[in-house]
Amino acid sequence: MSKRRINKIAVIGSGIMGSGIACHFANIGVEVLLLDIVPRELNAAEQAKGLSLDDKVVRNRLVNDALSSAIKSNPAPLYHKKFASRIITGNLEDDISKVSEADWIIEVVVERLDIKQQVFENLEKYRTPGTLITSNTSGIPIKFMNEGRSADFQAHFCGTHFFNPPRYLKLFEIIPGPKTKPEVLEFLNGYGEQYLGKTSVVAKDTPAFIGNRVGIFGIQALFHLVKDMGLSIEEVDKLTGPVIGRPKSATFRTVDVVGLDTLVHVANGIYENCPEDEEHELFKLPDFIKTLMENQWLGSKSGQGFYKKVKNEDGKSQILGLDLDTMEYRAGKKASFPTLELTKSVDKVIDRFPILISGKDRAGEFYRKNFGAMFAYVSKRIPEISDELYKIDDAMKAGFGWENGPFEIWDAIGLKKGIELMEALGKEPAAWVNEMMGAGVESFYTVKEGATYYYDIPKKEYIKKPGQDAFIILDNIRKSNEVFKNSGVVVEDLGDGILNVEFQSKMNSIGGDVLAGLNKAIDLAEENFEGLVVGNQGANFSVGANIGMIFMMAVEQEYDELNMAVKYFQDSCMRLRYSSIPTVVAPHGMTLGGGCEMALHADRVVAAAETYIGLVEFGVGVIPGGGGSKEMALRASDTFKKDDVELNRLQEYFLTIGMAKVATSAYEAYDTGILQHGKDIVVVNKDRQIATAKAVARQMADMGYTKPIRRKDVKVLGKQALGMFLVGTDSMEASNYISEHDHKIANKLAYVMAGGDLSEPTMVSEQYLLDLEREAFLSLCTERKTLERLQHMLQKGKPLRN
């Protein structure tokens with residue numbers, strides 16, 4: 001059988017989900033046909049133009065307006081706006097025959113069975129046999145949707161449930177129909193992971209599938225618990241946010257963003273369709289939710305929900321919170337708990353759970369009740385919604401942004417302790433949990449030879465979790481493969497002659513220990529290995545250099561020490577470029593300031609698609625001092641062409657720093673000159689990033705890597721460029737676009753990128769520019785305004801971004 005390829009898809013329905021799915025397929029290079037219904041009447045603008053219902057612009061109005069709205073939305077659904085050209089729009093009357101060219105048809109119309117069946121009947125007239133056809137339903141049973149369809153249709157039909165927004169949420173639930181071919185499920189499972197960058201989970205055809213069944217239970221349980229314990233919405237959001245590895249929006253802010261009506265729709269569906277669920281009554285809506293629905297306080301979409309943004313008497317924005325007893329808005333409340341204070345020194349979220357459930361305050365009581373109920377519930381969902389426990393954890397992590405799934409949290413607390421929490425609530429685990437414990441098995445997961453194994457309930461033994469062969473999970477190899485460790489880094493052997501240096505500092509900030517660890521890793525790689533990856537699997541690659549260290553040196557006027565520290569950073573970045581082994585940096589998430597400078601100096605960059613990278617030093621009153629200013633001048637020089645206007649090229653790179661531009665995806669980083677075409681690559685699935693970076697380093701070594709020769713051919717434009725920059729910055733200050741201090745920073749940067757005030761264009765070395773850069777950086781550190789900005793950043797708890 002020939003290998004199935006996806007070159008073109010058809011998306012039927014252009015609402016928020018349909019357009020989002022279309023955009024994400026466009027992100028990965030697939031041609032998309034996006035279709036929707038034809039309007040039945042003209043709008044006012046069309047009437048004014050004298051258009052008729054037969055005009056194409058009218059017939060495609062719904063789909064074009066929906067896609068245009070999606071592309072303009074925030075967060076952006078596209079990695080790059082130019083990717084919109086990969087989407088072709090049309091309507092379901094004039095263009096439905098074009099679905100015959102699609103390799104996969106995805107239905108994303110309204111959640112009504114009769115309408116979906118009507119759409120499928122129409123699609124089957126034009127669908128090419130063998131083409132995949134799936135529904136993005138969030139809860140309608142798959143077995144009902146393909147009734148009356150042909151055998152080929154049913155064999156290639158299943159549910160594919162994307163979570164909103166499709167670009168950002170990783171969960172991809174695949175729900176087989178009664179007659180879906182196994183090879184179709186296998187293909188979609190692999191395609192979701194490798195191409196779409198998703199966590200693929202094959203679910204059973206049960207109400208709300210896996211993610212929403214467990215997720216809505218968790219939210220409904222909190223709705224009841226908040227009233228029982230007399231907690232405020234701010235207190236619940238404090239307890240259910242980043243402290244336990246959940247998104248900052250936590251619970252009530254998340255409901256506001258998603259829309260209360262959406263949550264209520266799913267909760268009602270579970271209540272109506274799961275009468276045998278032991279927690280059936282919990283899915284009933286509390287009175288305060290009914291009031292919110294009656295008032296149409298649905299969250300962001302209606303302007304108010306659990307929170308409401310208003311203007312106070314001074315005209316400043318203020319966030320009000322809803323009092324669930326009075327159902328009136330009042331000023332926001334600060335929430336604090338002694339138990340949370342105990343976790344502040346615990347960096348790893350998974351290590352906080354034993355502390356949290358031991359709390360003596362209301363926070364401890366909240367966590368004991370919350371986790372006890374969750375553990376009991378998920379244990380009893382097996383085998384109803386899944387035969388494998390890891391799928392429940394994967395669904396919650398990928399669909400709801402949890403750092404750890406419920407069974408992973410249970411492992412962290414301890415199997416026996418988890419059961420005690422349940423029993424205190426009058427609950428009990430599923431029988432298989434007691435059998436497992438009775439057999440002497442004390443955890444749901446274990447790690448063997450760098451791979452994760454899960455407890456298989458029918459077989460009563462640990463089985464390797466599938467799909468790991470394409471991944472390197474640093475948590476699993478950190479102890480067994482450790483080559484070197486200090487307080488800032490761990491250096492691991494990835495195998496095949498390649499080392500990895502992993503930052504371990506707070507927010508992966510870059511200080512002396514990280515730089516010492518990086519240099520040690522290069523030493524080790526040059527002595528006994530063949531390549532080095534700089535990568536980690538934290539929330540962000542690095543938020544930059546340690547501002548606290550810079551601030552203290554500047555305040556104490558320890559300028560010699562500061563000079564040495566900055567030079568050490570520069571030298572470390574240059575070592576990445578001029579070592580005798582290939583170096584690959586693997587940025588993801590926030591990669592700012594010094595983190596960006598490391599990426600700029602690697603031989604190659606393997607960036608996750610969701611990389612937000614930039615040189616943001618202007619924000620703290622300095623210029624990039626770890627080689628970033630030098631590198632932008634060098635890269636500008638490399639673009640100079642004989643007949644080109646060189647000043648314009650240099651200005652583009654100057655503005656990348658001067659405007660503190662941060663790319664909102666790795667693809668945008670090509671536009672800012674931080675990533676380079678033909679050299680750096682992007683991976684959509686972050687889980688594959690370290691393995692891909694290792695493969696790139698290995699390939700470079702196999703091709704015969706030779707240490708590069710230091711550059712002495714950087715063309716700088718001297719006074720010609722400097723004069724242009726100074727006129728521009730003078731004009732901007734005079735027009736009140738920038739402050740006096742920003743003017744000063746910009747002039748310092750101009751001096752560096754122009755190569756000083758040389759009388760004519762000159763070829764200089766990288767070291768010449770590094771010395772100018774360091775001198776400018778140090779001079780700015782003596783400025784009062786810079787120190788004030790640094791202090792402000794520290795007081796806000798932002799250690800860096802330099």
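Reader: Which residue lies over the face of Phe153?

Author: That's Arg149, at 6.0 Å from the ring centre. Keep in mind that you're looking at a predicted model.

Reader: What sits over the ring of Phe83?

Author: Here you'll find the charged end of Arg86, 3.9 Å from the centre of the Phe83 ring.

Reader: Okay, now rings with rings. How is a pair of aromatic rings described?

Author: You use the distance of the centres and the angle of the planes. Counting this way gives 36 aromatic pairs here. Take Phe371 and Phe375: their centres are 6.0 Å apart with 10 degrees between the planes, and the pair is stacked.

Reader: Where in the chain are Phe371 and Phe375?

Author: Both belong to helix α16, which covers residues 362–380. They are four residues apart there, so about one helical turn separates them.

Reader: Are Phe371 and Phe375 buried or exposed?

Author: Phe371 is buried, and Phe375 is buried too.

Reader: And why is the pair of Tyr455 and Tyr462 edge-to-face?

Author: Look at the angle: their planes stand at 80 degrees, and over 60 counts as edge-to-face. The centres of the Tyr455 and Tyr462 rings are 6.1 Å apart. As for accessibility, Tyr455 has a relative value of 5%, so it counts as buried. Tyr462 has a relative accessible area of 24%, which makes it partly exposed.

Reader: Back to Phe371 and Phe375: which aromatic cluster are they in?

Author: They're in one that also includes Phe353, Phe366, Tyr367, Phe407, Trp410, Trp432 and Phe444.

Note on methods: Residues are numbered from 1 along each chain as its sequence is written. This is a predicted model: local features need pLDDT of at least 70, side-chain atom pairs count only at pLDDT 80 or more; totals for chains, interfaces and linings use all residues. Side-chain values use heavy atoms; hydrogens and water are left out. Rings of Phe, Tyr and Trp (its six-membered ring) pair if their centres lie within 6.5 Å; planes under 30 degrees apart count as stacked, over 60 as edge-to-face and the rest as tilted. Helices (H or I, at least four residues) and strands (E, at least two) are DSSP runs, numbered from the N terminus. Buried means under 20% relative accessible area, exposed over 50%, partly exposed in between (1.4 Å probe, protein chains only). A charge sits over a ring if NZ of Lys or CZ of Arg is within 6 Å of the ring centre and within 35 degrees of the ring normal.
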